[in-house]
Amino acid sequence: MRKDHLYLLTFIAITVIFLIVASFSVKHFIMESSDQLISIQLESSKREADGVSQLISTQLSGGIALDTVKINIQSVIEKTEKMASYISVIDWSGKQICHPDITKIGEMANSDQNVLDALSKKDRANRLYEILVHQKDENDAIVGSEVVYLSPVKGTDLIVGANFNLDKITKQTRLLKSRFYRILLLMGGFIILSSFFAVRILGSLYEKQLESKNSALENELFSLSKLNKDLIEHQQKILEEKNSNEPVMAGAVKPEKKRILTYIRNELLPIATDQISYIQTENGITYIYAINGKKSTTNSSLDDLSNELDQSLFFRANRQFIISITTIDKIVKYGNSQLKIIIHNSTDVEIIISKNKAAEFRQWLGL
């Protein structure tokens, strides 16, 4: 997959995840915010209604005529009907006797039981959101106002009502909703873009690390490839020297063993050194593995055999193994800077050359 396509899919994935999360949370946040707004407005209206009720009761108890009190209250609340909440005064029958809009005086007060029930419920946020935002008339306009709280005036049949201007409150709620969406879009855009660029930056850093590892791996593979190539060339050289009956090691100071006396059960069996695949010591016993797959033992130790065998044909790989160059199938990387020798027709045996021994092994191959 091309990087451009990967980044595009990452951008789309982040956007989809954000939209899914936002779709589940946005309504809840809006309703909670609207509930806070309405709660503050309701508490303020209650305090105002109780204050006016107390004021009327005080004036009447002070000997002020009821008509004068009505005039005073009307002058105070006049033209406040356009506010989110306002005060009105009604009598025992529900008729308006004081109202900010003088044209409403004499009319019956509006009181929607659904609104009153919603204000008294624990799930006020959900209920008020549905009533105030989705309650519409035929002209797609929110119905005027509702009495949401009543405060009786002591000693009279008058009641001070706290009214909600539903149109005003709904506009405030919708404004809050639009602002919330605006903030959500700005925040979402910032989160999506910053996440996208963060993914690109982290992706670039990861690609650089991956390229560095690949480069190191390529160098190791090239080194192993060259090592195996040189091994084949050296094996061919040994075979040519052997076929031409020339000395394998120029300037050798002592004759090398051509045969080793071995045992198979109670039978003595001499084996030519050029027929040896590898030699292994295990539990104090030295085993000779021939090219034809036969296994025998010898009384000689691995140290003795390492000194007696032709050094150009045999190599002491580690404390357990001596290997013959002619039977090495290939060399592979093993662990941290170690080498693993694969022997012809012996895939079940693992011969490991340590990091410290690897340089000597290369020198033995003539590299």
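Q: Which strands each supply at least two residues of the lining of the second largest pocket?
A: First, the ground rules: this is a predicted model, where local features need pLDDT of at least 70 and side-chain atom pairs count only at pLDDT 80 or more, while totals for chains, interfaces and linings use all residues. Residues are numbered from 1 along each chain as its sequence is written, and side-chain values use heavy atoms, leaving out hydrogens and water. A pocket is an open set of points on a 1 Å grid over the protein atoms alone, with protein on both sides within 12 Å along at least five of seven lines, and lining residues have an atom within 4 Å of a point. Going by DSSP runs (strands are E, at least two residues; helices are H or I, at least four; both numbered from the N terminus), the answer is strand 3 (145-152) and strand 4 (159-165).

Q: What volume does the second largest pocket have?
A: Volume here is the space filled by probe spheres set on the grid points, which are joined across faces, edges and corners. For the second largest pocket that gives about 210 Å³.

Q: Which lining residues are closest to the centre of the second largest pocket?
A: The lining sorts into four nonpolar, seven polar and four charged residues (Ala, Val, Leu, Ile, Met, Phe, Trp, Tyr, Cys and Pro are nonpolar; Asp, Glu, Lys and Arg charged; the others, Gly among them, polar). Of these 15 residues, the closest to the centre are Tyr-86, His-99, Lys-104, Asn-110 and Ser-145.

Q: Which helix gives the most to the lining of the largest cavity?
A: A cavity is a set of points where a 1.4 Å probe fits but cannot get out, and a search of the whole structure turns up one of 30 Å³ or more. It has a volume of about 40 Å³, and its lining includes Ile-56, Leu-66, Lys-70 and Leu-158. Strand 2 (96-98) supplies at least two lining residues, but the most, four residues, come from helix 2.

Q: What is the angle between the planes of Tyr-278 and Tyr-289?
A: There are five aromatic pairs in the structure, pairing meaning Phe, Tyr or Trp rings (the six-membered one for Trp) with centres within 6.5 Å; under 30 degrees is stacked, over 60 edge-to-face, the rest tilted. Tyr-278 and Tyr-289 are both buried. Their pair is stacked, with 4.5 Å centre to centre and planes at 15°.

Q: Which helix holds both Phe-361 and Trp-364?
A: These two form a tilted aromatic pair, 5.8 Å centre to centre with 35° between the planes. Phe-361 is buried at 0% relative accessible area, and Trp-364 counts as buried at 12%. The two are three residues apart, about one turn, in helix 7 (residues 355-364).

Notes. Buried means under 20% relative accessible area, exposed over 50%, partly exposed in between (1.4 Å probe, protein chains only).
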